[in-house]
Each structure stands twice: as C-alpha cells, then as structure tokens.
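Open the model in a viewer and keep the selection panel at hand. The stops below can be followed in order.

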Amino acid sequence: MKVVGGSASVPLARGIAKEVQGGFVDVAFEKHRGGFPDGERYVRLLGSVAGEHVILVQTSHPDPMIVELLLLADAIRDAGARRITAVVPYFGYGRQDKRFLDGEAASAKTLAKHIAVNADELLTMTIHNPDLLKSFPIPSWDVDGIPALGRYLKGVDVDLLLAPDDNAIRLAKTASAICGKPYDHLEKERIDSYTVKITPKKLDVRGKSVAIIDDVISTGGTIGTAAKELRSQGARRVIAACVHGLFVDRAEANLKVCDDVIATDTVQSPHSKVSVAPEIAAAIRALG
Ligand code: R5P
C-alpha cells in the first residue's frame with residue numbers, strides 16, 4: 001500500500017502512512033519555485049505507484065485543493081495504480097448536499113462524480129449529511145472524527161461538554177462517552193451566514209471548564225456566541241473544539257472569547273492539535 005498526500009493534507013497523509021505501515025510517496029507541488037504566476041496547480045509524483053493500492057489523501061478545501069485532488073488521482077491512475085482509495089478528510093461542498101432551489105448545482109454530488117473518474121472508493125470524515133454518500137457513484141463511507149476529539153478532551157481540564165445546537169448533540173454525546181465528562185446543549189437559530197442567535201438557557205456552568213463541541217468552525221460565529229453566553233453565566237474556562245477548523249473571515253476575532261481552540265488535522269491550521277490518522281487508518285484497514 002502506498003500513501004500520497006495533496007498539499008492540503010501532507011502531515012495527515014504521513015500520519016496515515018505510518019499507521020497503515022504503507023510507503024509514503026512524495027509529491028512536487030511546484031514546477032518552478034513560487035509556483036505558476038496565475039495560481040494554477042501542479043503535481044508530480046516523485047515515487048512509483050505502479051501495481052499498488054494507493055491511498056490518496058486530500059481535503060477538498062479551499063477550491064484549488066479540489067483541482068490538486070483531481071490532478072493527483074489522474075496522475076496516480078496513469079502511473080499504473082491497481083486501486084485508488086480517495087480519502088477526503090474534510091469534504092468541501094458537503095453542505096450543498098442537494099438542489100435546494102431550481103437551477104442550482106447539487107455541488108457535493110458534482111464533486112463526487114469527478115472524484116469517481118479515477119477513485120475506486122471514497123472515505124470522508126464527519127460529513128454534514130452522511131446519507132449523501134449513498135448517492136455517490138462509488139462506494140463511500142463516513143468516518144467519525146469525534147472520537148479523536150474525545151481522546152484529546154479526556155486529558156484536559158474539562159467539566160462539561162456542550163453542543164451549540166440540536167445538530168451537534170450526537171457529537172457531544174459521542175465525545176462524552178469517550179472522555180467520560182457529562183454533556184448538555186444550547187438552542188441556536190441561524191440569522192445569516194455570519195450571525196447566530198443562541199437562546200439563553202440556564203446551565204450549571206458557574207466555576208466550570210466547558211468545551212463547546214461542533215463538527216465545523218467556519219466564521220466562529222456559532223461557538224463565539226455560545227462562549228459569550230457561557231461566560232455571562234460564570235464559566236471559569238471555555239474551550240472551542242471541532243473536527244473541521246476552517247477559520248474563515250473573522251473567526252480568530254470571534255474566538256478570542258475562548259481560552260483554547262482545538263481542531264483536528266482534517267483541515268491543517270495552527271489549531272490542529274489532534275490527529276485523526278488513527279481513525280482513518282482503522283477505516284482503511286476495514287476496507288480489506
Ligand atoms: C452548522 O450546522 C454547523 O454544524 C456549524 O455549527 C457551522 O458550520 C459553524 O459555522 P460558523 O463557525 O460560521 O458559525
């Protein structure tokens with residue numbers, strides 16, 4: 001087995017290679033130092049993949065990483081790989097999981113169709129709507145990234161896990177079972193892409209350390225608003241924890257109210273403090 005990582009996911013790909021005891025194939029991402037002036041992507045495999053089962057790891061965010069993913073899949077197929085498993089740790093466009101309005105693209109399916117040109121199967125992690133995977137043209141599975149956060153939270157000062165909305169309750173429940181801390185939830189209403197309203201709810205958080213847990217942090221609006229509510233109720237410490245940390249726009253400013261921000265390495269950032277390599281490696285081994 002060989003593992004190849006796109007430039008969005010090199011550290012994670014190395015971690016997966018170590019876990020599955022596969023060979024790591026380096027990739028050159030620049031033809032000339034500084035890349036192409038027009039921003040186009042370039043990939044070149046620096047090792048052989050002929051006859052191999054290749055694990056191609058690349059998060060599909062931001063958009064140029066999608067191009068890299070498709071270029072790499074093509075290069076790997078053309079280089080004679082026997083089987084390609086695409087691992088897309090954060091599936092960008094996963095939230096446009098259907099045609100909400102006439103004339104829209106069902107973007108997640110569009111992406112899957114293009115990945116399926118070369119990939120034989122697909123693994124992703126904590127996708128917005130796992131049912132979506134049933135409509136993909138190749139066998140596709142969702143791997144749960146929350147256990148990695150649960151493992152991490154077990155070793156830190158946390159008294160309570162908190163889901164910022166109904167959707168995240170199952171995430172807090174899973175993490176709670178792993179780290180052995182209780183969980184509760186808040187009620188959130190989304191006003192627009194940048195603003196959410198958290199309905200005040202009396203929680204027993206005075207003097208406690210609380211970890212707010214969500215699948216995605218994008219602008220930090222959700223967790224930042226929840227953290228302010230916890231502060232006003234006397235929480236001693238507030239930790240923001242997510243699987244996919246996109247940290248776009250004013251996220252860093254919105255999260256300043258938190259004492260710590262923890263994300264996994266599905267999207268690489270300075271907050272990637274926990275690796276999901278063990279979870280993804282276990283899923284690869286289960287494929288057989
Ligand atoms: C929404 O359904 C998701 O679970 C997250 O709560 C949301 O994507 C977070 O976005 P933001 O950080 O921009 O509030």
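The tour goes from the sheet to a helix lying across strands, then to the ligand.

This is a predicted model, in which local features need pLDDT of at least 70 and side-chain atom pairs count only at pLDDT 80 or more, while totals for chains, interfaces and linings use all residues. Residues are numbered from 1 along each chain as its sequence is written, and side-chain values use heavy atoms, with hydrogens and water left out.

**The sheet.** Select the 6 strands of the open sheet, ordered S2-S1-S5-S6-S7-S8 with parallel pairing. Strands (E, at least two residues) and helices (H or I, at least four) are DSSP runs numbered from the N terminus; two strands pair if DSSP finds at least two bridges between them. At the edges, S2 (23-25) and S8 (140-143) each pair on one side only. From one strand to the next, the twist averages 25°, with axes fitted to C-alpha atoms, for helices over the stretch in contact, and angles from 0 to 180 degrees between N-to-C directions.

Next, zoom in on S1 (residues 2-5), which is joined to the parallel S2 by 3 bridges. Here Lys2 stands opposite Gly23.

**The helix.** Select residues 277-287: this is H8, lying across S5 (53-57), S6 (83-88), S7 (121-125) and S8, at about 155° to S7. Contact means heavy atoms within 4.5 Å.

**The ligand.** Show the residues surrounding the ligand, among them Arg95, Lys188, Asp214 and Thr219; each has a heavy atom within 4 Å of the ligand. Which polar contacts (N or O pairs within 3.5 Å) can be displayed? Ligand oxygen atoms lie 2.6 Å from a polar side-chain atom of Thr219, 2.8 Å from a polar backbone atom of Gly220 and 2.6 Å from a side-chain N or O atom of Thr222. The protein covers 91% of the 380 Å² of accessible area (Shrake-Rupley, 1.4 Å probe) that the ligand has on its own.

Definitions and conventions:
A polar contact is a pair of N or O atoms within 3.5 Å; within protein, one must be able to donate a hydrogen and the other to accept it, and residues adjacent in sequence count only if both atoms are side-chain atoms.
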